[in-house]
Amino acid sequence: MLQAICHCGAVRIEIPRKPRSLTNCNCSSCRRRGALWAYYRMSEVRVDAAPGATAGYIWGDKCLCLLRCATCGCVTHWEPLVVKPDSRMGVNARNCDALALGQVRIRQLDGAASWKFVG
């Protein structure tokens, strides 16, 4: 079990295992936030945050909500707006302890144009 914790500790996310890979997306939102996304089924992830501890941002095709800590501003995760039994979510691995995370392959996603992995 790994944890992703925002800077102030108000948002803690428990993930079941080290990700197989991380995604570095260059879309206008992700590149500004510097996120490295690890993907999991929503049923595998536990978000521990008091009501009101996160603030959401919805844009573009309005299919997901990007969440950040309302206190320190760290982007913590994203969730789909329409949740299905097999829905997945993204957890910002930059909030994980680097030593606990270890070496993980980083894939480059061209979210700005082609929506294809380029590396």
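**Surface first**

Show the surface of the protein chain: its accessible area is about 7,100 Å², and 51% of that belongs to carbon and sulfur atoms (Shrake-Rupley method, 1.4 Å probe). Bear in mind that this is a predicted model, where local features need pLDDT of at least 70, side-chain atom pairs count only at pLDDT 80 or more, and totals for chains, interfaces and linings use all residues. Residues are numbered from 1 along each chain as its sequence is written, and side-chain values use heavy atoms, with hydrogens and water left out.

**Now the cartoon**

Color by burial next: 35% of the 119 residues are buried, meaning under 20% relative accessible area with a 1.4 Å probe, protein chains only.

Pick Cys27 and Cys30. Which cysteine sulfur is nearest to that of Cys27? A search of the whole structure gives zero disulfides, and for Cys27 the nearest cysteine sulfur is that of Cys30, 3.7 Å away. That is too far for a bond, because a disulfide needs the two sulfur atoms within 2.5 Å. Cys27 counts as buried at 7% relative accessibility, and Cys30 counts as buried at 12%.

Terms used: Buried < 20%, exposed > 50% of the residue type's maximum accessible area, 1.4 Å probe, protein only.
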